[in-house]
Amino acid sequence: MKKLLYSFLAIITIASFLPTQASAQGEFEGEKVTIGLASSNAYDYWNVVVENALEQEGIEIELVLFSDYNQPNEALQNGSLDLNATQGYPFLFSWNDENNGTITPIGNTLITPLGLYSDKHTSVEDIPNGGTIAIPNDPSTYGRALQALEIAGLIDVDEAAGIFPEEKDILDNPKDLQFELLDPAMAAVVLQDVDAAIINTGFASDAGLKVSDAIFADAHNLDNVNPMYINVIAAREEDKDNPLYLKIVELFQTDEIAEIIKESSDGSLIPVFREYDVDIENQTVTEVAE
């Protein structure tokens, strides 16, 4: 599988948020769990999980902030972390493949909409024949970007390509759109030079853009989005049924946390707590029928 490329500095910053309130007496009284994050914005909702874990269950949680997406998995795999909450399924599967890892999802958290932004057009329909669309070049976002353009009705992508389609997998391109692949951080920078650009939510936010500014976002209808792109809480494979860690998932997947995620991100993050069947070996994710 192709190696994922990210342009983040590999510098770790440790951040502990341990409330001092008297904790509850319970099954997990006195237990400690260390969880890796890769975005400081995640503190908006994870700090509440930390507080609730101590007050309701007597669990102390330490949050550890990383500045890239590889090191949280390395730290989890080597036992420096108990859990992490930094990635979706494609990155998790790819990291395991490349590192002989055993990182395993134990609970869903949220999905970040992937938006199509334009300074020149106000709708997808306005994009002209022969127009140019900028797309992030890292494999996981590149594939999702093409699938987003398919959901928008601009192209047709071969399903056989799975979650990592490339331009060669486009079966139909009725507007003869041109695609410019570039570093994810550059997508917002070139917005004035292209007809539209697929921009990761984090980089869009850095550029002063909101998901509501996008002329299309794939997660506006979750039923159309491949569940592969949902972010997860992950553990080592041998800990996937650990009751303490599953309690952390339970504390995260509450209405309170869902509301904080939506409000603190101004809609740029969407909580998704649905249950899915995950086949690690075949790298598939399917929703469990209710």
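Trainee: At roughly what angle do the axes of H1 and helix H7 (residues 255-264) cross?
Mentor: First, some ground rules: this is a predicted model, with local features needing pLDDT of at least 70 and side-chain atom pairs pLDDT 80 or more, while totals for chains, interfaces and linings use all residues. Residues are numbered from 1 along each chain as its sequence is written, and side-chain values use heavy atoms, without hydrogens and water. Helices (DSSP H or I runs of at least four residues) and strands (E runs of at least two) are numbered from the N terminus, and axes are lines fitted to C-alpha atoms, for helices over the stretch in contact, with angles from 0 to 180 degrees between N-to-C directions. The axes of H1 and H7 come within 8 Å, and their crossing angle is roughly 155 degrees.

Trainee: How are H1 and H7 oriented to each other?
Mentor: The classes are roughly parallel under 35 degrees, roughly perpendicular from 65 to 115, roughly antiparallel over 145, and oblique for the rest. With axes crossing at roughly 155 degrees, H1 and H7 are therefore roughly antiparallel.

Trainee: Which residues of H7 does H1 meet?
Mentor: Contact means heavy atoms within 4.5 Å. From H1 come Asp44, Tyr45, Val48, Val49 and Asn52. Their partners in H7 are Glu256, Ile257, Ile260, Ile261 and Ser264.

Trainee: How many residues in the contact of H1 with H7 are nonpolar?
Mentor: Ala, Val, Leu, Ile, Met, Phe, Trp, Tyr, Cys and Pro count as nonpolar, Asp, Glu, Lys and Arg as charged, and the others, Gly among them, as polar. Two residues of this contact are polar and two are charged, while the nonpolar ones number six.

Trainee: How does H1 lie relative to helix H6 (residues 243-252)?
Mentor: H1 (residues 43-57) packs against H6 with the axes 9 Å apart and an angle of about 120 degrees. That angle makes the arrangement of H1 to H6 oblique.

Trainee: How many residues in the contact of H1 with H6 are charged?
Mentor: Tyr45, Trp46, Val49, Ala53, Gln56 and Glu57 of H1 meet Lys247, Ile248, Leu251 and Phe252 of H6. Seven residues of this contact are nonpolar and one is polar, and the charged ones number two.

Trainee: Is Asn73 buried or exposed?
Mentor: Asn73 lies in helix H2 (residues 71-77). Beyond four places in sequence, Asn73 is in contact with Asn84, Gln87, Phe91, Trp95 and Ile103. Buried means under 20% relative accessible area, exposed over 50%, and partly exposed in between, using a 1.4 Å probe and protein chains only. At a relative accessible area of 0%, Asn73 is buried.

Trainee: Which residue with a positive phi follows H3?
Mentor: H3 (residues 89-99) is mostly covered, with eight of its 11 residues buried, including Phe91 and Trp95. The loop from H3 to strand S5 (103-108) holds a residue that is exposed, at 71% relative accessible area. Its phi is about 50 degrees although it is not a glycine; the residue is Asn100.

Trainee: What is the relative accessibility of Asp176?
Mentor: Asp176 sits in the loop between strand S10 (170-172) and strand S11 (178-182), and its phi is also positive, about 50 degrees. Asp176 counts as partly exposed, at 47%.
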